Amino acid sequence: MSLIVENAFLFGADGLIQSGDQIWFHFQKYPWHLSCQEKNPGTGMHRRIIESRLRKGLPDPSESSLLQGTFHSGISPHIYSYYHLLTDLLPHLIDAPKIPVLVPQFMPQQFIEFLKQAKFEVRILHEETVQVERLYIPEMAMPEWNFEKVKKIQTFFENLLPKNSHAGSTCAIPVNRIYVSRKLAGKRHLSNEDEFLSLLKKYKFRKVYLEQMSIIEQVELFRKASHVIAAHGAGLTNILFAPADARILEIRPELSSGQFCFEKLFSLGWHNSEFLVSPVKGKFEIPPEMLNKVLSRWNNEELSSDTCSKESRLKL
């Protein structure tokens, strides 16, 4: 559940929150006691992340300004990511009171526009420290994905954008097979993409750049997707909106990329999912022959299924 703190100091650059001798980082994911060390983890990632952050210093109360009223914290180091917008912040806002949400200056503009379109009041906080009169801190429950969260997000978008509505969408969606390119992303794009584009075209896949689309347009796109191929990245969060029988291929730079986050998500309703791992250590590329094996198998399975369906209809 969300946590409410009073007269807390909030650091706008990364969302660190301090109230008395207690701090929170990455929303509620990493709590820490400043004066009671025995309450803190002795080892592990939790401790390493907090100790690394503490070396940068705590908010200086003398340099803070007072922010009167009640707000949600919408600031964390990873909130620039679409994945974390949907898995960390949005579920909190759906359930919480309708009060303003504080977001960082580095949050992408398309995220801010989406929050406004969804009728959330947004206030941008610059790299400054503010003392907030009353602050809601989103919960960071584990595991990141469960059936309840998936249903909550899906229901929210169904209410925001009914499936028979195309209001606000300017993106035509003429095909159902999509390849999500990360070539415009700053990191983790397939370096040999040009080598297999002709193969994708052969199997009638269309290349899309999600960076050029609004969140609503992405939802519309994935609602109609029958096949999705994508490098590991935040855009795969849109599988939330894809049909349950969609075929999904995630291409990972390493086997454990993202601590298997999408594998966990797909297991909650999208069972036609699989993955390939880049075979060249230190390079993110996929040999065309590896990709062709998957595409050829998909094609053969679908041809076989179509034949069986036709034979069944003839018997009737």
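## Cysteines

How many disulfides does the structure hold? The count is zero. Bear in mind as you look around that this is a predicted model. Cys36 counts as buried, with a relative accessibility of 18%. Cys261 counts as buried too, at 9% relative accessibility.

Let us turn to helix 1, which covers residues 45–54. His46, Ile50 and Arg53 are buried in this helix. Why do the buried residues of helix 1 line one face of the helix? Seen down the helix axis, they fall within an arc of 60°, so they sit along one face.

What do the buried residues of helix 1 pack against? Their partners are strand 1, strand 3 (22–25) and strand 4 (30–33). Leaving aside residues up to four places away in sequence, Pro31 touches Gln22, Ile23, Trp24 and His46. Pro31 is partly exposed, with a relative accessible area of 29%.

## Salt bridges across the chain

The structure holds 13 salt bridges. As a general point, side chains of opposite charge can pair when their charged atoms come close. One of the bridges joins Arg134 to Glu6, with their closest N and O atoms 3.8 Å apart. Arg134 belongs to strand 8 (residues 129–137) and Glu6 to strand 1 (residues 3–11), so this pair ties together parts that are 128 residues apart in sequence. Arg134 counts as partly exposed at 30% relative accessibility, while Glu6 counts as exposed at 52%.

Another bridge brings together the side chains of Lys207 and Glu193, at 3.6 Å from N to O. This pair links distant parts of the chain, with Lys207 in strand 10 (residues 206–208) and Glu193 in helix 5 (residues 193–202), 14 residues apart. Is Glu193 buried or exposed? Glu193 is buried, with a relative accessible area of 2%, whereas Lys207 counts as partly exposed at 32% relative accessibility.

Glu274 is partly exposed, its relative accessible area being 23%. Arg297 counts as partly exposed as well, at 33% relative accessibility.

Which residues do salt bridges with shared partners join into one network? They are Arg177, Arg247, Glu274, Arg297, Glu301 and Glu302.

## A nonpolar patch on the surface

To finish, have a look at the surface around Leu255, Phe260 and Phe275. These residues form a nonpolar patch, and together they have about 250 Å² of accessible area. Where does Phe260 lie? You will find Phe260 in the loop between strand 12 (247–252) and helix 7 (261–266). Phe260 is partly exposed, with a relative accessible area of 32%.

Note on methods:
Residues numbered from 1 in each chain as written. Predicted model: local features only at pLDDT ≥ 70, side-chain atom pairs only at ≥ 80, totals over all residues. Heavy atoms only, no water. Patch = residues over 30% accessible without salt bridge, like charges linked within 9 Å, V, L, I, M, F, W, Y side chains within 5 Å. Areas by Shrake-Rupley, 256 points an atom, 1.4 Å probe, with all protein chains shown as cover. Salt bridge = Lys/Arg side-chain N within 4 Å of Asp/Glu carboxyl O. Helix = DSSP H or I, 4+ residues; strand = E, 2+ residues; numbered from the N terminus. Buried < 20%, exposed > 50% of the residue type's maximum accessible area, 1.4 Å probe, protein only. Disulfide = S-S within 2.5 Å. Arc of directions from axis to C-beta. Contact = heavy atoms within 4.5 Å.
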